[in-house]
Protein chains: 4
Amino acid sequence: MMRVQICCSSEISFLMEAHDGLSAAIAGRAGFKGLWASGLSIASCLGYRDANEASWSQLVGVVERIVDTSQLPVLVDGDGGFGNFNNARMLARKLRQCGAAGVTLEDSCFPKTNSLIGDRHPLADIDEFSGRLRAVKDAVADDLVLVARIESFIAGHAVEEAISRAHAYADAGSDAILIHSRRSAADEILAFTRAWQNKLPVVIVPTKYYRTPVSVYRRAGISTVIWANHSMRAAMAAMRQICNRIVAEENTASIEPNIATLDDVFELLGYDELARAEANYLHPQHHEQ
Amino acid sequence: MMRVQICCSSEISFLMEAHDGLSAAIAGRAGFKGLWASGLSIASCLGYRDANEASWSQLVGVVERIVDTSQLPVLVDGDGGFGNFNNARMLARKLRQCGAAGVTLEDSCFPKTNSLIGDRHPLADIDEFSGRLRAVKDAVADDLVLVARIESFIAGHAVEEAISRAHAYADAGSDAILIHSRRSAADEILAFTRAWQNKLPVVIVPTKYYRTPVSVYRRAGISTVIWANHSMRAAMAAMRQICNRIVAEENTASIEPNIATLDDVFELLGYDELARAEANYLHPQHHEQ
Amino acid sequence: MMRVQICCSSEISFLMEAHDGLSAAIAGRAGFKGLWASGLSIASCLGYRDANEASWSQLVGVVERIVDTSQLPVLVDGDGGFGNFNNARMLARKLRQCGAAGVTLEDSCFPKTNSLIGDRHPLADIDEFSGRLRAVKDAVADDLVLVARIESFIAGHAVEEAISRAHAYADAGSDAILIHSRRSAADEILAFTRAWQNKLPVVIVPTKYYRTPVSVYRRAGISTVIWANHSMRAAMAAMRQICNRIVAEENTASIEPNIATLDDVFELLGYDELARAEANYLHPQHHEQ
Amino acid sequence: MMRVQICCSSEISFLMEAHDGLSAAIAGRAGFKGLWASGLSIASCLGYRDANEASWSQLVGVVERIVDTSQLPVLVDGDGGFGNFNNARMLARKLRQCGAAGVTLEDSCFPKTNSLIGDRHPLADIDEFSGRLRAVKDAVADDLVLVARIESFIAGHAVEEAISRAHAYADAGSDAILIHSRRSAADEILAFTRAWQNKLPVVIVPTKYYRTPVSVYRRAGISTVIWANHSMRAAMAAMRQICNRIVAEENTASIEPNIATLDDVFELLGYDELARAEANYLHPQHHEQ
């Protein structure tokens, strides 16, 4: 199977977060050409915290549903690889097996803490993390795009540290660099892209610096923008509102206009294909007689 | 562990649909006292169709996340039990093991078709289905509430058939009867409750006859009302809208007010507990020094 | 990935049963060129009975370990496909995804009964089962070898019924025919091969008629012989004996010569590769300094 | 459910290794009163190396099969808890949920290396590991026996280090101490028991020092002896031998006397119960008519 490349085109591209089969199907229908299997969103939907509470095999199980349902290229948030180089390469092999298009590995320690909370975020040693990247690249070669995610801005370091890590991770075989920042403006990101000069494609996650227009990223030559958790957050707000209303109203009549119809569900998930297949494969018992 | 009884109180109660840990936590926060692990919603979120595409063990895996995250009593949509009496009792044992409070079994054949689509819905033979119920009751006794779900209105039969089945299923050991209808008014339901006279508690799913006010159900002596798929449908509508807007705007700034914040996510899922636990259990390395 | 074809060579070939990663590695080391992921053995090792107690997704999980550990072509015992045509094609897609080489589907009903016990084995309707085969073939095309397993001898029918089914299953897209018998001699099998004239390759499972020498199968032009459960049965006998001795002796000294050494385990499962990989990828922290 | 206590009786007791449902059933039939869900054996059967390649959720899945099949108290080899205190307490909760009787946690780092190979075995910091133990005890209280496993002899330290750790782990809430050694004689173990004076019950794993008779352990007041991997090693030797013979003989006739019969399999796994249940629950369709 030819794998569609992600994170590596010259034209800017966008990945939409997905956390299960339904969110993946919805994103595909909206026109997104690729998906981001978000660690935070997947953990949240499972009821776990984004601190490696979900096991790597549970993550793979969810990714499988995303890939199978959407048929889109999926970039998977692999956290730090769930341990050392050996855990990381096993994860990568399983992601390849279930049809993912790529994986990001971040230079954090196990278990991780979500990048957007807390202040203690010990970074992995550059050499140790480069070993993780090399192990993954040797294990899956070009069957899986490998994106090295740099957490050094999150940990409070300056751009030089990020650049230094980016060079090391490129040498270790990464196909692209995800540079992460939790500032409300994109200044760290732009400092990085100026210094980096696109030696490898750059991927960003503007969850916190969302006010920056995409034109800025285009000018900066950024390859891929990830909308990292917005479907989960939209779902959460909507479910909260609907639950509160049903509790208050003891009835669903007034919310019907605000929620998807069952026909929407049936249409999105291909119940018509099932009906056609029944006509074809259960034939002639149910249809000719 | 004492299990909270569901579907069996004299006062009317409401179960809110959940399909994963997040939706379960949200429903609990809104004040619901019990949850409905919906087969349709769970299948949809997994990207499956509601035709027993998901395996019974995948269902159990999702129920486990719902139970663990919410700590609420959960009634599980067990479809027809995923096969014969033996499959049904194995499912029931696993649901008990993962902490569910009850299970519904419907008198359909395997694989099932969702009750709200199509017109061919062969019913299970009464004796065969009663055997499934007896097998489950013998396997889990009073550790799991057993609700027999009658699909005879869906299959086009009159109220007499439903009553006849209800008696048989009561004799087979059911703790409650779920009477299902897909009419847009509650007439079938009320015909049933009039004839049934609450010989066992009655559970209903007003997905289609949602305009009927709850006062009608109270007067009819109905035990439990299930809002069966509204969180999933709310999530679907919201995710669709947000995806479309992000595609159009290439930016998330304008949608930020409409989606949950990450702090909402962190608060709902107990990140504060994790922070306190780190202070307690990782001490003294990270905190005293 | 080019898939190695199984069950379809002109030269007779042998598949050894495997039920987990360890048994798969052992069979590979012994020189077998292909494996049989036995439903009976897998169920038994899981502690289930061979009556579709294990879910299809649990089966896929075991097959994944077999494929990953052995790297050999694996023919999977898919029972009847775990439901109707739709369940069967989903199973086939997942088996393809996890790297299996082929699947057998038998013309039984769900849930199944093991072929070697009991006397009531209702056969599937020919047309309905042909629909299952067509659905699988349309879903996985030539990525997965499809073997139709005929249970009509088991159900007490004559050779004509088997031949009639074989023709129908060939028309439905099968790549090979598995003809099953539980007689203590191979007479049914040979009656079939004489009448069938190798219109498709023939696969056999001589669990009961094990006294027949392989030369007979070669002369009959049989393509593939499956040793269907012998590793599991060998393991069972050995574990039973060792357990009894440890109970009696309260010591393991006398059994040490009869069991594999830990070095055998480490060698078979490639602990040396892990050590080399540590030297390579954890370098330079642990090795240079 | 009342949980049977393990590792805590005054009389010496023995736990037999199990790695799947079948090995668990066999050990129960042989008369063992408790089982050891061995990390090494489970990993090996899955085709993984004993280096935390299997995820914690895969481990739980296997333990569930062991518990369900044997109905015996099962002590689970929890390695170091698969991460920090938070991963450890989650593991413990899931083990409680699936019916395990106890868990051992070892003072190693993640990912672990099997105790019996290699020479670099960094120990966990005493305070950090005590935090893991406290977290587990707070999470599962007395529902799960907590055994602290001390690896300091493996790491080359003297008895004083082991005693010091044992005191700390007792203070942290452990119910018993597993003291591990890979010497070929039990001298380290006996040095420990002399100094420890049974302040908590002592558990041992005489894989390497198997020549020591059990009378020595009785005199030393040891609580529990674990035969830690002998079923897996017996199975491996038997499967290897049978595979080699089948390859050589192209026939299974000569090995039939050496392997379990299918009737043995059916008897052990309760096929008679299934037949009786069919007569009861599928009645009257299949039996009265």
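Which residues in H6(D) meet Ala191(D), Phe192(D), Ala195(D) and Trp196(D) in H7(D)? They are Val159(D), Ala162(D), Ile163(D), Ala166(D), His167(D) and Ala170(D). Keep in mind that you're looking at a predicted model.

**Two helices in chain D**

- You can describe two packed helices by the angle between their axes and the distance between those axes.
- For helix H6 (residues 159-171) and helix H7 (residues 187-196) of chain D, the angle is about 50 degrees and the axes lie 10 Å apart. That angle makes H6(D) oblique to H7(D).
- The crossing of H6(D) past H7(D) is right-handed.
- Now look at what sits where H6(D) touches H7(D): 9 of the contact residues are nonpolar, 1 is polar and none is charged.

**The barrel in chain B**

- In chain B, 8 strands close into a barrel, and you can follow them around in the order S1-S2-S3-S4-S5-S6-S7-S8. The pairing here is parallel, and the twist from one strand to the next averages 25 degrees.
- Zoom in on one pair: strand S7 (residues 202-204) and strand S8 (residues 224-227) of chain B are parallel and share 2 bridges. Val203(B), for instance, has Thr224(B) in S8(B) as its bridge partner.
- Helix H9 (residues 230-249) of chain B packs on the sheet, where it touches strands S1 (13-18) and S8 of chain B. The direction of H9 makes about 40 degrees with that of S1(B).

- Strands of a sheet pair through backbone hydrogen bonds, and they can do so parallel or antiparallel.
- Strand S1 (residues 13-18) of chain D has parallel partners: 4 bridges join it to strand S8 (residues 224-227) of chain D, and 3 bridges join S1(D) to strand S2 (residues 35-37) of chain D.
- To spot these pairings yourself, find Phe14(D), whose bridge partner in S8(D) is Val225(D), and then Glu17(D), which stands opposite Trp36(D) in S2(D).
- Buried or exposed, what are most residues of S1(D)? Of its 6 residues, 5 are buried, so the rest of the structure largely encloses S1(D).

**Helix H7 in chain A**

- Helix H7 (residues 187-196) of chain A has these buried residues: Glu188(A), Ile189(A), Leu190(A), Phe192(A), Thr193(A) and Trp196(A).
- Their cover includes strands S5 (145-150), S6 (176-179) and S7 (202-204), plus helices H6 (159-171) and H8 (214-219), of chain A.

Definitions and conventions. Residues numbered from 1 in each chain as written. Chains lettered and ligands numbered in written order. Predicted model: local features only at pLDDT ≥ 70, side-chain atom pairs only at ≥ 80, totals over all residues. Heavy atoms only, no water. Axes fitted to C-alpha atoms, helices over the stretch in contact; angles between N-to-C directions. Parallel < 35°, antiparallel > 145°, perpendicular 65-115°, else oblique. Left-handed = near helix turned anticlockwise from the far one by under 90°. Contact = heavy atoms within 4.5 Å. Nonpolar A, V, L, I, M, F, W, Y, C, P; charged D, E, K, R; others polar. Pairing = 2+ DSSP bridges. Buried < 20%, exposed > 50% of the residue type's maximum accessible area, 1.4 Å probe, protein only.
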